[in-house]
Amino acid sequence: MEEPRTPRLLDAGDSCLVAEFGASVDRALNAKVQALKHALAKCAVKGIVELVPTYRSLAVYYDPLLLDREELKKRIESACETLDEASQAESRVVTIPVCYGGTFGPDLENVCAHTGLSKEEVIARHTGRDTYCFMLGFTPGFAYLGGMDESLATPRLENPRTLIPAGSVGIAGKQTGIYPIDSPGGWQLIGRTPLAVFDPLRNPPTLVEAGDWVRFEAISESEYEAIRAAAKAGQYTVKIALRKEAA
Amino acid sequence: MGLFLNVKKGGMSTTVQDFGRWGHQAMGMPVAGAMDPEALAVANLLAGNSPGEAALEITLLGPTLEVEGEGTVAASGADLGLTINGTPAPLWTCLSVKTGDVISFTGPKGRGCRAYLAFSGGIDVPVVMGSRSTYTRAGIGGFEGRALKAGDRVSCGEPLPLWKRTIGFSCPESLRPVRDPEAPIRAVLGPQDDAFTPEALETLFGSTYTITSQADRMGYRLEGPKIPHRTGADIVSDAIPPGAIQVPGHGQPIVMLADRQTTGGYTKPAVVLTADLAVLAQRIPGETVRFARSTPGEGAKLLAERAKRLAALGQLRSEYRTRPQAVGGEVKATSGAFTLRIGGKTALIEWQEL
C-alpha cells in the first residue's frame, strides 16, 4: 500500500502534535518519519521541545507559549513538501557483540526446540541478517528491531522472569531485542552483550538510535569478559559502519 | 555552611523532582518530573530559588527530616500537616530553618495528596540527562534513583544571593494554584478518537469515573462505564503524551502521567490539558473524575495564565526583598538613615543595601 507523502496532523493535547504517515510497520514509512525528524531538527524551530519518532509517526512536543499551534502546523507541512528520504539513504550499522547460549542465553534451547534448528544454526541466522531500529520506547533505551529472520520466531515464555539482566538478547514472536536495563520480562533469552546499550551517564546514553541498523556478532565467553572490561574502562570502540540503500 | 537534611523517616513516597527530563523521549526515557509543576514552582520561588529547581515531592504521608546547617524551607501543594519542631507551620511561606530543626508531617488535612518542600539552594543531586528528577522504575536520577528512606543524608545546593531576604515572604491566596477536587478534567480529542464511535466518546465525556487503587506517578487507572472500540484497542505503537487517556481492550480509561512510558500500543481517544494534569494528580483512589471536551487553544490559555501567576509571584518576591524593614532579627538592617555634620553643615544620609 502506498502511504501518503503528507502526514495527517493529529491533536495530542495542548502541547503535542502527531504527524502520522500511516498505520503499519514498514521501513519506507519509517524512513519518512526519520526524514521529517531530521528536517525539523535542522531548522531549529523556536518552541519545539522535542521530537519523538515512532514506527509510523513523529510526535512533536512544543511549548504553546513560545510557538503557535497553527504556525507549527505550517512548519511541519512545509518541511514535508521538501522531505528528502534520500538523505536517509546512508544509515548506521551498529555491531552488537553477543555471547550466545550458556548462562547468558538460558532459552537458546527453547528456541532450538521450537524452530527445529541447531544452536549453531540459530546463532548463524540471528547474526546473519541486520535488523532495523524503528524506534525506541517501552523502557529507557529499548530498541524496537525489525527484520529478524522469521524462521527464528518463538513465542514468549509462559512464565515471565522477574529479573532479566541488562544486556540480555531475546526473541519474542517475530521480534528480537536487547534488554537495556535490569527488568522483568518474558522474552526467550538467547545471549547477552557485554556492552551497555543504555547508560544514562554516558553521552549519548544509547548505542542505537531510531533509523540505525543493528548487526549481532557472536563472541566467546572470554571475548565477552574482555569486551566488558574494555568497555568499562572506556577503551572499547563500538563498531559502526555505514549502509547505503539502493535508491 | 551548607544545608543538609538527615532523613529520619522517608514517608510514603518522597522523591526529588524538578520540571522533568525532557529531550530524551526518543531514547525511550520517560520524562518524570513534578506531578504538580506549578506547586513546585511556587515552593521554589518562596524558598528563594528559581522556579524549576529540584525539590521534594511528598505523597500523602510526609517524611521526617532533621536539618543541619541553615537555610529556608517553603511548602506548597496539598496540606499534609507540616510541622517544624512539633509546631504547625504555615504552607505557602518562606520559613527559616537551622541545625536541629525537625520538619515533619502529621497527615493530610482536607483534599489533595501531593505537597512540595523546597529548600534554599534546591536539592543537590547529580543532573542525569539534563534533570534531577527521580524515575524510580529504572532507578535513574534523584537521590540514588529512589524514594527517600531513613538514614539518607540529602544535600542542598548553594543558595541564591538574596535567600535570607526572602524569609517571611508568602504567596498570596490569589496566586496559589487552584486544585478543585470536583472540577471536570478538560481534554482534547485525539490522536485516536477515530477508533471510537461517537457514542463511545459520549460515554467517556458524559460519565463519572472512579480512581482505582492502581494510581501512581505513572498513571491513574479509572473505573466506570466501558468505552467500546470500533474495531480493536491495539494500534501500532506511537508516542504517549502526558495526560493521554489510554483505553485498552477492557474499555476502562487510564490517564498517563509523569512517569509514563514514552510510547505505547493502545488507542488514546483524548489527551488531558497540561494545566489540568495537576488537578487530577492531586486526587486519590476512591475520588472521582469527569472529563470535559476542550481545545488546544484553551489549554494554551491556561498555561499562559499559569505563567502570569508565577511571574506575578516573582515580582512580589523582588518587592519583598527590597522592602526597607528588616525581618524579626534574623536579617541585618538593609536600609537606614543618619545625619552627618561636615564643616558646620548637616547632611542627612539615607542608605539602602542593594
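**View 1. Domain 1 and domain 2 of chain B have centres 29 Å apart, taken over C-alpha atoms.** This is a predicted model, in which local features need pLDDT of at least 70 and side-chain atom pairs count only at pLDDT 80 or more, while totals for chains, interfaces and linings use all residues. Residues are numbered from 1 along each chain as its sequence is written, and chains are lettered from A, and ligands numbered from 1, in the order in which they are written. Domain 1 of chain B covers 3–175 and domain 2 covers 185–299 (bounds from an automatic or database domain assignment).

**View 2. The contact between the two domains of chain B takes 19 residues from domain 1 and 11 residues from domain 2.** Residues are in contact if their C-beta atoms, placed from the backbone, lie within 7 Å. On the domain 1 side, helix α1 (residues 37–47) of chain B gives the largest share, 3 residues. Helices (H or I, at least four residues) and strands (E, at least two) are DSSP runs, numbered from the N terminus.

**View 3. Chain A meets chain B through 38 residues of chain A and 34 residues of chain B.** Strands β1 (8–11), β2 (16–20), β3 (48–53), β4 (57–62) and β6 (131–136) of chain A each supply at least two residues of the chain A side. The largest share, 5 residues, belongs to β3(A).

**View 4. An open sheet of 4 strands in chain A has the order β1-β2-β4-β3, with antiparallel pairing.** Strands pair if DSSP finds at least two bridges between them. β1 and β3 of chain A are the edge strands, each pairing on one side only. Between β3(A) and β4(A) there are 5 bridges, and I48(A) stands opposite Y62(A) in β4(A).
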